[in-house]
Amino acid sequence: MSVRILPFEPKYAKNFRDLNIAWLKKYFHVEAKDVLLLENCQESILDIGGYIFLAEHEGEIVGCFSLIPYGEKVFELGKMAVDPNHQGLKIGQRLLSFAIAFAKENHWKSIVLYSSTKLDTALHIYRKYGFVEVELEKEIPYERSDIKMELIFNSKN
């Protein structure tokens, strides 16, 4: 299956928002921070040094994720979503692999993410790619988050 990972362009803002809204409504609900990031992705992600990438399959945008500055050479992986009609095709894993390779190329220290223990499949995939559970701070960015994970890079990665 041919999937291309594309860097964000303004023409993809609606795809980024719609893929995430659909995912959020399916599993949780849209929170205030989601609205901020999804409705103003240029200002709230890209302009502060973050990145957005999208997955294209047969000319259609079918997935996405963002990398948001979290600390010095540390980024938060978030806003990962795959179109429901394309789930089960390992597009999420392609996106995750790309994010990890991008982090390594840029010599980042780590990637963190917030998730939910309700998402067994996602957590299994994160662990498969080397993410480990770390302490969840008291003030978390999302109500739905009850787990924080991190992938730390070193000179051997």
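Lysine 14 and aspartate 18 both sit in helix 1, four residues apart, about one turn of the helix. Helices here are DSSP runs of H or I with at least four residues, strands are runs of E with at least two, and both are numbered from the N terminus. This is a predicted model, where local features need pLDDT of at least 70, side-chain atom pairs count only at pLDDT 80 or more, and totals for chains, interfaces and linings use all residues. Residues are numbered from 1 along each chain as its sequence is written, and side-chain values use heavy atoms, leaving out hydrogens and water.

Let's look at the charged pairs. A salt bridge is a side-chain nitrogen of Lys or Arg within 4 Å of a carboxyl oxygen of Asp or Glu. The structure holds nine salt bridges, including these:

| Pair | Closest N to O |
|---|---|
| Lysine 14 and aspartate 18 | 2.5 Å |
| Arginine 17 and glutamate 39 | 4.0 Å |

The arginine 17 and glutamate 39 pair links distant parts of the chain, helix 1 and helix 2, 22 residues apart. Lys14, Arg17, Asp18 and Glu39 are linked in a network of salt bridges. Lysine 14 is exposed at 52% relative accessible area, while arginine 17 is partly exposed at 24% (buried is under 20%, exposed over 50%, partly exposed in between, with a 1.4 Å probe and protein chains only).

Now for helix 2 (residues 32-39), where Asp34, Leu37 and Leu38 are buried. Seen down the helix axis, the buried residues fall within an arc of 90 degrees (taken from the directions from the axis to the C-beta atoms), so they line one face of helix 2.
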